[in-house]
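Thanks, everyone. I have a few local features to go through, and the structure comes up on the screen now.

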Amino acid sequence: MHGEYKVRGGKLVAVDVGTGDGAIVAAHVYGDFFLEPDDALEDIAGALQGAPADAGVDELAARIEERLAARPEPVRMIGFDARAVAIAARRALGRASSWEDLVFDVIPAVTMAPVMHVALDEVLPLEVAAGRRPPLLRIWDWDSPLVVIGSYQSLRNEVDPEGAARHGIGVVRRITGGGAMFMEPGNCITYSLVVPTALVEGLSFEQAYAYLDDWVMGALAEIGVRARYVPLNDIASEQGKIGGAAQRRFAGGVLLHHVTMSYDIDAEKMGEVLRTGKEKLSDKGTRSAVKRVDPMRSQTGLPRDAIIAGFLDHFRSRYATRESAYTAAELERAEELVRTKFSTPEWTARVP
């Protein structure tokens with residue numbers, strides 16, 4: 001059985017394993033990494049042999065580290081580490097998945113009330129967990145303004161009610177953590193990715209954020225934006241912050257990961273609506289500190305629709321996909337959640 005893991009910013013690790021009587025009885029480790037001394041490779045493979053076939057990443061990595069520590073001379077693992085080997089071994093054992101194991105539904109932008117997208121971020125992971133949908137990537141699009149605050153943010157600390165009322169902008173709380181999203185039609189690019197948690201098995205929370213957005217770094221590069229990940233969950237370019245990500249893990253082995261990137265934001269209005277709006281401007285790419293926050297528009301010169309199309313094309317080029325759409329049942333459930341949860345003061349002000 002074969003498994004691979006590409007270390008972000010590092011090298012590819014591959015592991016072939018054979019099992020018997022509930023244990024790993026044979027292991028072969030290889031890849032394009034560097035290792036000194038080279039005979040340590042036999043110890044790495046030997047450490048896997050005898051391990052339970054259901055051993056987790058931590059246990060497998062600990063076995064490798066213990067075996068290497070017992071050698072008379074220090075071992076240098078360059079471009080990989082014991083956890084990378086353990087993740088590849090778990091994939092070989094069928095206990096973890098890789099991008100290549102998955103076929104993604106791709107749902108292009110559908111314009112609707114932004115609160116519906118907030119509700120769909122609760123509906124769709126449950127559909128994937130129930131097996132009614134495969135993993136998916138979807139693009140948000142919305143027809144009205146809204147401030148979407150993080151699950152744990154204080155409503156009164158984030159939003160100026162007078163400014164929001166003056167500009168006719170409502171407030172909704174989402175199910176993930178992170179900061180506020182100032183959303184007007186056409187001012188941001190937002191996508192949601194729903195994947196099995198097995199895809200990020202063995203990764204820290206920080207690593208999982210960067211791993212799930214590695215594809216969008218490639219998409220940004222194709223449109224001329226040199227981007228990097230800034231821990232924990234920010235995407236930045238040489239001109240400043242572009243956007244941020246948030247995650248939530250669901251029972252049933254499913255993870256929601258979504259990202260909002262600034263395309264062309266009215267900074268003056270955002271400063272009047274969000275109490276922290278002026279501070280947020282300081283770490284975003286801006287053309288004018290008073291009027292606009294437009295890192296994606298100014299750095300690419302492209303219309304928002306063209307950037308979205310480029311993102312989707314890049315995702316389709318890297319992974320197995322199929323075109324999809326929201327089902328009537330999913331939209332009905334989202335509408336119900338809008339009525340019973342996301343539009344209620346009890347939810348929106350649950351952290352006053």
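This is a predicted model: local features need pLDDT of at least 70, side-chain atom pairs count only at pLDDT 80 or more; totals for chains, interfaces and linings use all residues.

As for location, His258 belongs to strand E15, which covers residues 254-262. Is His258 buried or exposed? His258 has a relative accessible area of 5%, which is under 20%, so the residue counts as buried.

Next, the backbone. Most residues other than glycine have a negative phi, and most peptide bonds are trans. With that in mind, here are the exceptions I want to show.

Which peptide bond involving Pro37 is cis? That is the bond from Glu36 to Pro37, with omega near -10°. Pro37 sits in the loop that runs between strand E4 (34-36) and helix H1 (40-48).

Another cis bond links Pro231 to Leu232, and its omega is about 5°. Here Leu232 lies in the loop between strand E12 (227-230) and strand E13 (234-237).

Then there is phi. Asp21 is not a glycine, yet its phi is positive, about 55°. Where is Asp21? In the loop between strand E2 (12-20) and strand E3 (23-31). Its relative accessible area is 87%, which is over 50%, so Asp21 is classed as exposed.

To recap the accessibility: His258 is buried, whereas Asp21 is exposed.

Note on methods: Residues are numbered from 1 along each chain as its sequence is written. Side-chain values use heavy atoms; hydrogens and water are left out. Helices (H or I, at least four residues) and strands (E, at least two) are DSSP runs, numbered from the N terminus. Buried means under 20% relative accessible area, exposed over 50%, partly exposed in between (1.4 Å probe, protein chains only).
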